[in-house]
Amino acid sequence: MTGTTDKTLWRGARLATLDGAQPWGWVERGALITEGEHIAWVGPEAELPAGLAPAIEHDLGGAVLTPGLIDSHTHLVYGGRRAREFELRLQGASYEEIARAGGGIRSTVAATRAADAASLQAQAQRRLDTLIGEGVTTVEVKSGYGLDLESEARCLRAARALQGAQLRTSYLGAHALPPEFQGRQDEYVDAVCAWMPQLQREGLIDAVDAFCEGIGFTPAQTRRVFEAARTLGLPVKLHAEQLSDQGGTQLACEFGALSCDHLEYLSPEGVQALAASGTVATLLPGAYYFLRETKLPPVAALREAGVPIAISTDHNPGTSPTLSLLLMLNMACTLFRLTPEEALRGVTQHAARALGLADRGRLAPGLRADFCVWDVEHPNELSYYFGRNPLRQRVWGGKLS
Ligand SMILES: N=CN[C@@H](CCC(=O)O)C(=O)O
Ligand SMILES: [Zn+2]
């Protein structure tokens with residue numbers, strides 16, 4: 001078939017559309033038509049519209065096609081590494097002890113402040129390229145290792161300049177207390193709120209995040225950050241109930257948060273709050289694994305309450321230095337007991353929702369043409385393998401890339 005439109009036909013595919021009522025949104029002998037950056041048609045190959053005349057045609061020979069992967073929680077921009085801290089933890093030091101002694105996040109803040117913009121961006125681009133190599137097409141990147149206006153802006157600009165995937169940025173000024181504000185935590189929260197309008201004016205923020213935790217910020221301080229965000233019309237997200245139950249989830253849900261992330265210590269009240277507000281529960285098996293946590297997030301309760309569950313790498317140098325979203329699929333199943341279908345929805349459909357993006361995460365007409373072609377027979381293999389990358393082709397905005 002040849003033609004003169006900019007339509008491209010992808011045929012001979014086994015489609016996991018994640019759309020509709022079927023498990024996996026499955027179409028056994030499927031086809032998909034893209035037009036420019038969007039999906040124009042998707043369905044059984046036998047029902048392809050007549051007179052299509054696509055400019056290009058790809059026969060996928062029975063390969064599995066899924067939506068492009070979305071990593072909805074990362075800290076990709078930072079300087080330095082924390083392998084020494086890993087050694088200390090293996091010798092018995094806890095994450096909290098290291099943080100209270102001035103290490104942890106604050107050691108990455110020192111390395112990030114010392115790094116120039118070009119090297120921060122180059123390092124983050126290498127990390128992003130690794131994610132892209134596994135089929136990631138949209139990535140959220142947080143600040144939170146600058147902790148002063150100039151350094152936070154530098155990290156957010158570096159994130160915005162990354163190439164090869166669609167970027168969303170979250171302002172995480174309330175990540176940790178920087179050394180110059182030692183003993184003045186409330187004043188630092190004032191500063192975090194005061195910097196927000198300037199960062200927004202420069203177009204650097206899509207959402208506002210905070211770390212509500214014993215070693216982070218109290219619910220009252222988190223509330224102030226969220227109120228500042230609300231005044232500016234910015235959506236919020238929260239690092240919540242990672243190491244203890246602070247009730248941060250209920251607070252975030254009061255503000256209609258896009259997502260609450262980590263959630264190992266989430267209470268039944270927190271589960272109900274998520275269900276009532278439609279907030280996504282983002283689970284981060286990499287951090288759970290790397291910190292050798294033993295308290296599992298309440299997956300069965302989340303499932304029963306109908307809370308959408310996203311899965312992310314949480315890539316960061318302290319608690320989750322992984323760059324494999326596929327590995328997170330496997331860990332979400334083995335460690336958290338998600339089904340392979342729930343895990344795939346967690347890095348597509350529900351990850352899109354965790355970023356407030358309605359135009360991706362499924363294969364349906366009108367959505368972005370972001371998808372992956374996999375050398376597997378069934379999408380459950382994406383969770384089954386670990387340490388193997390079966391990606392054959394990635395299509396981002398309708399283009400093979
Ligand atoms: N928990 C807080 N923030 C990061 C870890 C940051 C760090 O240790 O550098 C997280 O999502 O796990
Ligand atoms: Zn995080």
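A residue is called buried if 20 or more other C-beta atoms lie within 10 Å of its own, exposed if 12 or fewer, and partly exposed in between, with C-beta atoms placed from the backbone. The model is predicted, so that local features need pLDDT of at least 70 and side-chain atom pairs count only at pLDDT 80 or more, while totals for chains, interfaces and linings use all residues. Residues are numbered from 1 along each chain as its sequence is written.

Helices (H or I, at least four residues) and strands (E, at least two) are DSSP runs, numbered from the N terminus. In helix α4 (residues 117-132), Ala118, Ser119, Ala122 and Arg126 are exposed, whereas the buried residues include Leu120, Ala124 and Leu128. Those buried residues fall within an arc of 145° seen down the axis (taken from the directions from the helix axis to the C-beta atoms), so they line one face of α4. They pack against β6, β7, α5 and α12, contact meaning C-beta atoms within 7 Å.

From the UniProt record, an unreviewed entry, comes a "binding site" at His73, His75, His239 and Asp314; such annotations may be inferred rather than shown by experiment. These residues span 242 residues in sequence, yet no two of their C-alpha atoms are more than 12.2 Å apart, so they gather at one spot. Two of them compare as follows.

Setting aside residues up to four places away in sequence, His73 touches Asp314 among others, and His75 is in contact with residues including Lys142 and His315.

Note on methods. Chains are lettered from A and ligands numbered from 1 in the order in which they are written. Two residues are in contact if their C-beta atoms, placed from the backbone, lie within 7 Å.
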